[in-house]
Amino acid sequence: MQSLAPLLSQTWFITLMAVALIGAVLSAVHHAEVIAHKTGEPYGTLVLAISVTIIEVSLIIAMMFAGHEGSQFIARDAVFATVMIVVNGVIGMCIFMGGFKHHEMTFRNEGTNSALAVLTALATFILVMPIVTISTPGPDFTKSQLAFAGIASFALYGAFIFFQTVSHRDYYLPKAQDQKTDSDAHADKPSNLKTGVSVFLLLLSLAIVVGLAEALNPSIEAGVKAVGAPKTVVGIAIAMLVLMPEGYAAIRAARANRLQSSLNLALGSALASIGLTIPTVAAFAIFFDLPISLGISSLNMTLMYLSFFIGALTLAIGRTTLLQGVVHLIIFFEYLFLSLVP
């Protein structure tokens, strides 16, 4: 990385890396979709969710080990940003784009409501509980509290995966009438060879994404500092980077009138962001004695629970229109604005 330092100050090289990063993201989406088509729903959406989590964990841990100013908050900022981007940005854009094209879309509300309930509990465990515990001052867990929160989050995520893939798998499959109009559902499944190649290229694409994102991180931090934006914007930038594959795939599915797949992708990535990222980051923080602070501000807490409340109303009846997408997107823009001007 030291040998690249002179180049990382050049605008043309930063632009070239950004273009390469977008190319790697699109490649990851393509190969994840090949694997998803081979394995079928809802297993396919797990592939991309876990892939995105690998990217997020790698970036967060790398920044925590770097020990830059504010590194103890990077896990909190990235995870909270992931929740807000998914619940408002990605889901809002999927409903808006799909509603604009198809007028009204349907999905299985049994599964999406269950996913939102688990996400609300996970977010409360990790982002709110540090504020109200009294063993330590400020928005921090003790080591034992952090360990328990990590274990509880992993256990709850594991229970959700069992519910999604084994006991109630049909809750996450498209409705029968949607499957009839879904051309992808009737397309021939890829061969074992093609799937194996896609697995290798997916891993390669993810490795490239991680490497390029880490290389671009100093430029992101420098840009945030240059414009005088709060440090939390770095966490938002990380979340947007790692959610690019998931968000792009989810919006494509919504435009193809496959909102069930969009919601599986979006909510699955948010659940994995807490249920897998936090236990891993917590383990590294405890083992290597790294500082970590997870509690969010009262402003962010208000925005988060507003998002969950509106999300519960949106997912309650199993049908969506363009208006619901507009509501979520406005909340998302409010979140972005208040992140810059708290």
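**Helix packing, a cavity and a ring pair**

Hi everyone, let me start with two helices: α4 and α5 run roughly antiparallel to each other, because angles over 145 degrees count as that. This is a predicted model, where local features need pLDDT of at least 70, side-chain atom pairs count only at pLDDT 80 or more, and totals for chains, interfaces and linings use all residues. Residues are numbered from 1 along each chain as its sequence is written, and side-chain values use heavy atoms, with hydrogens and water left out.

Back to the helices, which are DSSP runs of H or I with at least four residues, numbered from the N terminus. Helix α4 covers residues 109-132 and helix α5 residues 143-167; they pack at about 175 degrees with axes 10 Å apart. The axes are lines fitted to C-alpha atoms over the stretch in contact, and the angle, from 0 to 180 degrees, is taken between N-to-C directions. Contact here means heavy atoms within 4.5 Å. On the α4 side we have Ser114, Ala115, Val118, Ala121, Leu122, Phe125 and Ile126, and α5 brings Ala149, Ser153, Leu156, Phe160 and Phe163. That contact has ten nonpolar residues, two polar and no charged. For those classes, Ala, Val, Leu, Ile, Met, Phe, Trp, Tyr, Cys and Pro are nonpolar, Asp, Glu, Lys and Arg are charged, and the others, Gly among them, are polar.

Now to α3 and helix α10 (residues 259-275), which pack at about 175 degrees with their axes 9 Å apart. This makes α3 roughly antiparallel to α10. Residues of α3 in the contact include Val79, Val86 and Cys94, while α10 contributes, among them, Leu263, Ala266 and Ile274. By class, this contact has 13 nonpolar, four polar and no charged residues.

Staying in α3, look at Phe96 and Phe100: both lie in this helix (residues 74-102), four residues apart, about one turn. Rings of Phe, Tyr and Trp (its six-membered ring) pair if their centres lie within 6.5 Å; planes under 30 degrees apart are stacked, over 60 edge-to-face, and the rest tilted. The count by this rule is twelve aromatic pairs. For Phe96 and Phe100, the centres are 6.4 Å apart and the planes at 20 degrees, so the pair is stacked.

And which residues line the largest cavity? Met63, His68, Glu69, Gly70, Ser71, Ile74, Asp77, Glu221, Lys231 and Val234. They divide into three nonpolar, three polar and four charged. A cavity is a set of points on a 1 Å grid over the protein atoms alone where a 1.4 Å probe fits but cannot get out, and lining residues have an atom within 4 Å of a point.

How values were computed. Angles under 35 degrees count as roughly parallel, over 145 as roughly antiparallel, 65 to 115 as roughly perpendicular and the rest as oblique. On a 1 Å grid over the protein atoms alone, a cavity is a set of points where a 1.4 Å probe fits but cannot get out, and a pocket is an open set with protein on both sides within 12 Å along at least five of seven lines; lining residues have an atom within 4 Å of a point.
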